[in-house]
Structure formats: C-alpha cells, structure tokens
Amino acid sequence: MILEIVSPEATLFKGEVTSVTLPGVDGSFQILNNHAPIVSILKQGTVKITAASFHFGKEVESKFTKVNDQNFNLEISSGTIEMKDNKVIVLAD
C-alpha cells in the first residue's frame, strides 16, 4: 500500500509500505494492505512505519528515527488519517 505523510511544512514521506501503526485517540491501531476504508483522528504519539526500503529527502530525514532497516518511527503531536483504495494519507502536526 502507499503511505503519504504530510505536515504543514512539507510532504515528509511518500512510498510503498508493509504496515503503519498509528496513535489513535481510542488507542493505537495498525493498517495493513487491503484494509477497509477508515478516517480517524490521531493524538500525540509515534507513527511506526514498516517497509522493504525507505527513501527520505535530506530536509526531512532528521524527523524520523530508525529502528532497523525495515522500520522507522515518526513522532507527531496530532493529526488525521484516511485509508482508501490501498492509500494511507496522514495529515500530521
């Protein structure tokens, strides 16, 4: 599935991922390929991204924390997520 993370300043990430775990207001939840459509509000926490490979622009690379070669984390203060047609869009602050 495609994950796109957008902040007020820039697009932080766009690429093919295996899964994404998000800090929802009612608890963390994970989205996998072919997930049902969903719209949700996010609270402060960690967005955990799993993918075969990552490509970040140099200007945003410092915002992500590398766990290992297939996992990166991004701290957010709030946001919104939409999953539809195997595309996840995260609007993050």
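**Aromatic rings, strands and overall fold**

A: Phe13, Phe54, Phe56, Phe64 and Phe72 are linked into a cluster by ring pairs, where rings of Phe, Tyr and Trp (its six-membered ring) pair if their centres lie within 6.5 Å, with planes under 30 degrees apart counted as stacked, over 60 as edge-to-face and the rest as tilted. Please keep in mind that this is a predicted model, in which local features need pLDDT of at least 70 and side-chain atom pairs count only at pLDDT 80 or more, while totals for chains, interfaces and linings use all residues. Residues are numbered from 1 along each chain as its sequence is written, and side-chain values use heavy atoms, with hydrogens and water left out.

Q: How many aromatic pairs does the structure hold, and how do Phe54 and Phe56 sit relative to each other?

A: There are six aromatic pairs in the structure. Phe54 and Phe56 make a stacked one, with 5.7 Å from centre to centre and 15° between the planes.

Q: And is Phe54 buried or exposed?

A: Phe54 is buried, at a relative accessible area of 14%, and Phe56 also counts as buried at 17%; buried means under 20% relative accessible area, exposed over 50%, and partly exposed in between, using a 1.4 Å probe and protein chains only.

Q: Switching topic, what is the secondary structure of the protein chain?

A: The protein chain has zero helices and ten strands, these being DSSP runs numbered from the N terminus (helices H or I, at least four residues; strands E, at least two).

Q: How does strand 10 pair?

A: Strand 10 pairs with strand 1 (residues 2-6) in the parallel sense over five bridges, and with strand 9 (residues 79-84) in the antiparallel sense over six bridges; two strands pair if DSSP finds at least two bridges between them. Val88 in strand 10 is the bridge partner of Leu3 and also of Met83. Strands 9 and 10 form a hairpin with two residues between them, and Asp85 in the turn has a positive phi of about 55°.

Q: Which residues of strand 10 are on the covered face?

A: Val88, Val90 and Ala92 make up the covered face of strand 10 (residues 87-92), whereas Lys87, Ile89 and Leu91 lie on the uncovered one.

Q: Why is strand 3 described as largely enclosed?

A: Five of the six residues of strand 3 (residues 19-24) are buried, so the strand is largely enclosed by the rest of the structure. Strand 3 runs antiparallel to strand 4 (residues 27-32), joined by six bridges, and a hairpin connects the two through two residues. Strand 3 also pairs antiparallel with strand 6 (residues 45-50) over three bridges, where Thr21 has Lys48 as its bridge partner.

Q: What about Ser40, which residues is Ser40 in contact with?

A: Ser40 lies in strand 5 (residues 38-42) and is buried at 18% relative accessible area. Leaving aside its neighbours within four places in sequence, Ser40 contacts Phe29, Gly79, Thr80 and Ile81, contact meaning heavy atoms within 4.5 Å.

Q: Last one, what are the dimensions of the box that the C-alpha atoms fill?

A: Taken along the principal axes, the C-alpha atoms of the protein chain fill a box of roughly 30 × 25 × 20 Å. Of the 93 residues, 39% count as buried.
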